[in-house]
Amino acid sequence: MSEQARDQFLQLHGARLRYRDEGEGQAIVLVHGWTLDLAMWDLQVARLRNGFRLVRLDRRGHGLSTGSSAAGRDASDLDSLCRHLRLENVALIGTSQGARGVLAFAGAAPTRVRALVLDGVPNLQSPTSEDDVPLAHYRSLIHGQGIEAVRREWQRHPLMQLRTQDRPTRELLRAMLQRYSGRDLIGPVNEPGTAAERLPLSSVRAPTLILNGEFDLASRLTAAKYLTDHLVGAERSSIAGAGHLPSLDNPDVYSELCRSFLTRHMHSPAAC
C-alpha cells in the first residue's frame with residue numbers, strides 16, 4: 001500500500017472493535033477467519049484500494065478488538081459497523097469462520113448486500129463449530145498449558161499451512177497468530193447468538209463467488225460444493241498453488257477474481 005491506514009475503533013455493547021477504512025469507490029467489507037485479524041487483507045487492500053472502498057475489522061476477541069469472541073455475534077457486529085459508517089449497500093468478502101457471519105448478515109439484510117465472496121467455507125451444517133478444527137482439544141490445551149501451546153499446535157494445523165515461500169507473507173501470518181489471545185477458548189462453549197447462523201440459505205439473495213485454494217482440505221471443498229448447490233446462481237472457482245488461505249498464497253489471482261466478480265455485480269442495476 002502507498003500509505004498505512006490508521007486504526008479506528010467502534011465501541012459496542014461488550015466489545016471495542018478495531019477497523020480500518022480506506023480506498024475509494026463502492027464499499028466492500030472484509031471479514032477474517034479464526035485466530036487471524038484484519039492484517040490478513042493487507043495484500044488485497046494493496047491491490048484493490050484504487051477501485052473500491054475497503055472496510056476491514058478485527059472480529060470480537062481477535063487482533064486488537066476486545067470482547068468475548070463469538071461467531072454468532074459477527075452478523076450483528078457487521079450490521080453495527082455498516083450503520084456506523086452509513087454503508088447502505090455493500091459487498092462482503094469472508095474467509096473460513098468469517099464466512100459464517102457474512103452469510104448470516106446477508107440472510108438477515110438481503111436488500112443491503114450487493115455481492116458476496118466466500119473462501120474456505122466451513123461445514124455450514126454444523127452451526128457452532130468446525131468439524132476439522134479440534135476446538136475441544138484447544139480448549140483443554142489452553143487451560144492446561146496456556147495460549148503459547150495453542151499457538152504452537154494451531155500453526156502446524158493443515159488449515160494454517162501456506163504454500164507460498166514469500167517471507168513477508170509468512171511473517172504476516174506468524175504475527176497474526178501471535179496476536180491471537182485465545183479468549184474464545186476460555187469462554188462458554190455454547191456462545192450466544194448461534195441461532196443467527198441457522199438462517200436458511202434461501203434468504204441470501206446476493207450473487208456469490210465461492211473460492212478455495214487448490215490444496216484446501218477435502219472437508220472445505222465439500223462444504224464449498226454444498227454451498228454452491230444451495231445458493232441460487234452461485235459461482236465457484238479454484239485458485240492454483242494455494243492452500244486454505246488463498247488470499248495469502250496467491251494474492252494476485254485472488255484479488256483479480258474478487259475485482260472481476262465484484263465489478264460485474266456491484267455495477268449491475270439488479271444487484272441492489
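Author: Let's begin with a definition: two strands pair if DSSP finds at least two bridges between them. Please also keep in mind that this is a predicted model.

Reader: How do you know that strand 7 and strand 8 pair?

Author: Pairing takes at least two bridges, and strand 7 (residues 208–213) and strand 8 (residues 235–239) have five, in the parallel sense.

Reader: What makes strand 7, helix 8 and strand 8 a right-handed unit?

Author: The test is to look with the strands pointing away from you and follow the path from the first strand over the helix to the second; a clockwise path is right-handed. Strand 7, helix 8 (residues 218–230) and strand 8 form a β-α-β unit of that hand.

Reader: Which strands make up the sheet, and in what order?

Author: There are eight strands in an open sheet, ordered 1-2-4-3-5-6-7-8, and the pairing is mixed.

Reader: What makes strand 1 and strand 8 edge strands?

Author: Strand 1 (8–12) and strand 8 each pair on one side only. From one strand to the next, the twist averages 20 degrees.

Reader: In which sense do strand 1 and strand 2 pair?

Author: Strand 1 and strand 2 (residues 15–23) run antiparallel, with five bridges between them. Here Leu-10 stands opposite Leu-17 in strand 2.

Reader: Which helices lie on these strands, and at what angles?

Author: Helix 2 (residues 74–84) lies across strand 1, strand 2, strand 3 (26–31), strand 4 (52–57) and strand 5 (90–95), at about 120 degrees to strand 1. Helix 8 packs on the sheet too, touching strand 6 (113–119), strand 7 and strand 8, and its direction makes about 165 degrees with that of strand 7. Overall, the secondary structure of the chain comes to 10 helices and eight strands.

Reader: How do you know that the radius of gyration agrees with a compact globule?

Author: For 272 residues, a compact globule would have a radius of gyration near 19 Å, and the chain has 17 Å, which agrees. Along the principal axes, the C-alpha atoms fill a box of roughly 55 × 40 × 40 Å.

Reader: And what share of the residues is buried?

Author: Buried residues are 57% of the 272 in the chain. The chain exposes about 11,600 Å², with carbon and sulfur atoms supplying 49% of that area. As for contacts between residues at least 6 apart in sequence, 75% join residues at least 24 apart.

Reader: Why is helix 3 called largely enclosed?

Author: In helix 3 (residues 98–108), 10 of the 11 residues are buried, so the rest of the structure largely encloses this helix. Among those buried residues are Arg-100, Leu-103 and Phe-105. Their cover includes strand 3, helix 2, strand 5, strand 6 and helix 8.

Reader: What do the buried residues of helix 5 pack against?

Author: Helix 5 (residues 147–154) has Ala-149, Val-150, Arg-151 and Trp-154 as its buried residues. They pack against helix 4 (135–145), helix 6 (167–179) and helix 7 (183–186).

Reader: Why is Arg-86 called exposed?

Author: Exposed means over 50% relative accessible area; Arg-86 has 76%, so this residue counts as exposed. Arg-86 is found in the loop between helix 2 and strand 5, and has a positive phi of about 60 degrees although it is not a glycine.

Reader: Is Ser-96 buried or exposed?

Author: The limit for buried is under 20%, and Ser-96 has a relative accessible area of 8%, so Ser-96 is buried. Ser-96 sits in the loop between strand 5 and helix 3. Its phi is positive, about 50 degrees, although Ser-96 is not a glycine.

Reader: How do you know that Arg-114 is buried?

Author: Its relative accessible area is 14%, and under 20% means buried. Arg-114 belongs to strand 6. The C-alpha atoms of Arg-114 and Ala-91 are separated by 5.2 Å, with the two residues 23 apart along the chain.

Reader: What makes Thr-169 count as buried?

Author: Thr-169, in helix 6, has 6% relative accessibility, against a limit of 20%. Leaving aside neighbours within four places in sequence, Thr-169 is in contact with Leu-43, Leu-162, Thr-164 and Leu-248.

Key
Residues are numbered from 1 along each chain as its sequence is written. This is a predicted model: local features need pLDDT of at least 70, side-chain atom pairs count only at pLDDT 80 or more; totals for chains, interfaces and linings use all residues. Side-chain values use heavy atoms; hydrogens and water are left out. Helices (H or I, at least four residues) and strands (E, at least two) are DSSP runs, numbered from the N terminus. Axes are lines fitted to C-alpha atoms, for helices over the stretch in contact, and angles run from 0 to 180 degrees between N-to-C directions. Contact means heavy atoms within 4.5 Å. The radius of gyration is taken over C-alpha atoms; the globule rule is 2.2 Å times the number of residues to the power 0.38. Buried means under 20% relative accessible area, exposed over 50%, partly exposed in between (1.4 Å probe, protein chains only). Accessible areas come from the Shrake-Rupley method with a 1.4 Å probe; for residues, only the protein chains shown count as cover.
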